[in-house]
Amino acid sequence: MIAAIGKSWGQLVFHSTASALDYIFRTRRRLDDAPRGLDEDTRDTATTRKLLRLAEMPAAPCEFVVVTGSRGKGSVASIMARLLEALGYRVGMLTSPHLVHWNERIRVSGTMIPDDDFLRILSDLRPHIDSVTEDLHGRQYLSPQGIFLAMALQYFAEKRAEIAVLEVGRGGRFDDISVVPNRLSLFAPILLEHTALLGDTLEKIAWHKAGIISGNGVALSTAQPPAVERILRREAELQGARIHFLDDADRARLQEDSDEGQLIRMRPYGEMLLPLLGRYQIENASLAIRAVEILQVQLSASSLKDDRYIELIRAGLAQVKWFGRVQKLDQEPAIYVDGAITVPSAESFVASVRSRLSEPVAAIVGVPRDRDYSGVYQVMARVSRKLIITETDINPNTRFPLREDALRAAQALGVDARHTNSMREALDIAREIAGESGTILLAVSLMLVGETMLIWNVDTSQI
């Protein structure tokens, strides 16, 4: 074991987040100058398994829940963690990507890991990481996500987490999170995504996602397209696992919008406040609530029919916080931000705020060039007077369409558009259009969402 729980025996090697991240991504950079290829050809969880074995992890008893999907998996993880905390559990959470701080990826009881612990745990892990990486050659690498997983597991052990909710980064079958034996695997909606890395058919993508199902475990999924459901059922059968898909009786229903979020109704909880504005969050909340019920039964905990249990779930849901997903940032003009960089997510964003819009509306759009940015432009232009296209250079691995390509795509749609390289300038332009009484919608990548968190000084350390 790398350290006694709550203590460190090693010398502090890393003294800044920058040096720590440079080390974490050291071997992954071998792929920067070459085409990636499909995950099954380029990703290998054996290195992460070796790291965890050397570090003797998991280091303490803990129940694991793994969440995958194409949209909403981070929201499902955060909602479920909050509900479990309301029931009295100490809960760890591992998610990606982050918005402002890398530490946001690792949380216990909603609070991100402090810098000192982040650097200390990585320093303690370094001998094991070096032992793994010294045998690598060519394009082999130790996944940064595998290192974050090892750091998270150690931190969870130190903080005595009883349950950990882990969000898959991409795919599932070849994702480092899949190496953790889970009691429960969850599936948010599965869509065609990351086709260059996962494959160009829905069936292939579903096959990747299905890889998180553990032998003799339980899987729970939102309603999926027939092709996806077939793949998930087949994988569950192969693993000897039970799988259930949410039906109408399992789901919450929208009652009405409120100033704090959405009022929903769900059996047996009655009317509840969901303090998230996205319509898609109703399905995510339904999945999380039913998942907690399954886990309660597995742990032989309190009765699901107990009035106290129902009240705790209602109270926990009302305390959910998840940044950058149809989040209201300001008033006069009203400003809403969402990580909507696909056509379905942009449509969902618009549907979620339609009843809250006041004219005139301006839309700021920042969509990477490997997405259907033209399609997103079209969706956002339907409800806005002007489109302001923007980008960021925070992550050099994420590239946005060239200015001329972006404007050409907008003009081909007959959209009134302008381009700027700065989010702050984009906001200035949008405010001139919206005035004090209008609305500004930001459909942007999570990196740009992170910029808005900094602009509005949002504290993302606690959820």
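Predicted model: local features only at pLDDT ≥ 70, side-chain atom pairs only at ≥ 80, totals over all residues.
Reader: How many aromatic pairs does the model contain, and what does a stacked one look like?

Author: Rings are taken as a pair if their centres lie within 6.5 Å, and planes under 30 degrees apart count as stacked. By this rule there are six aromatic pairs. One of them joins Trp102 and Phe148, whose ring centres are 5.8 Å apart with 0° between the planes, so the pair is stacked.

Reader: Where in the chain do Trp102 and Phe148 lie?

Author: Trp102 belongs to the loop between strand E2 (91-94) and strand E3 (106-108), whereas Phe148 belongs to helix H6 (residues 144-158), so the pair ties together parts that are 46 residues apart in sequence.

Reader: Which other ring pairs with Phe148, and how are the two planes set?

Author: Phe118 pairs with Phe148 in a tilted arrangement, at 6.2 Å centre to centre and with 50° between the planes. This pair also links distant parts of the chain, since Phe118 sits in helix H5 (residues 115-133) and Phe148 in helix H6, 30 residues apart. Both Phe118 and Phe148 are buried, and Phe25, Trp102, Phe118 and Phe148 form one aromatic cluster.

Reader: Which charged ends sit over aromatic rings?

Author: The charged end of Arg105 sits over the ring of Phe148, 5.3 Å from its centre. In another case, the charged end of Arg28 sits over the ring of Tyr141, at 6.0 Å from the ring centre.

Reader: How should I read the largest nonpolar core, and which of its residues touch the most other members?

Author: The largest nonpolar core has 67 residues, of which Met80, Leu84, Leu186, Leu317, Ile364 and Leu442 touch the most other members. Helix H10 (residues 280-298) gives the most to this core, with eight residues. For Leu84, once its neighbours within four places in sequence are left aside, the contacts are Tyr89, Val91, Ile163, Val165, Val292 and Leu295. A second, separate core of 57 residues includes Leu21, Ile113, Phe187 and Phe245.

Reader: What do the buried residues of helix H12 pack against?

Author: Helix H12 (residues 343-353) has buried residues that include Ser345, Phe349 and Val353. The buried residues of H12 pack against H10, strand E13 (334-338), helix H13 (373-381) and strand E17 (439-444).

Reader: What is the order of the open sheet of three strands, and how do they pair?

Author: Strands of a sheet pair through backbone hydrogen bonds, and they do so either parallel or antiparallel. Here the open sheet has the order E9-E10-E11, with antiparallel pairing. Strand E9 (253-258) and strand E11 (270-274) are the edge strands, each pairing on one side only, and the twist averages 25° from one strand to the next. Five bridges join E9 to strand E10 (residues 261-266), and Asp257 stands opposite Gln262 in E10.

Reader: Which helices pack on this sheet?

Author: H10 packs on the sheet by touching E9, E10 and E11, and its direction makes about 50° with that of E10. Helix H11 (residues 307-318) also packs on the sheet, where H11 touches E10 and E11 and its direction makes about 25° with that of E11.

Note on methods:
Residues numbered from 1 in each chain as written. Heavy atoms only, no water. Phe/Tyr/Trp six-rings, centres within 6.5 Å; stacked < 30°, edge-to-face > 60°. Helix = DSSP H or I, 4+ residues; strand = E, 2+ residues; numbered from the N terminus. Buried < 20%, exposed > 50% of the residue type's maximum accessible area, 1.4 Å probe, protein only. Lys NZ or Arg CZ within 6 Å of the ring centre and 35° of its normal. Core = buried A, V, L, I, M, F, W, Y, C linked by side-chain atoms within 4.5 Å. Contact = heavy atoms within 4.5 Å. Pairing = 2+ DSSP bridges. Axes fitted to C-alpha atoms, helices over the stretch in contact; angles between N-to-C directions.
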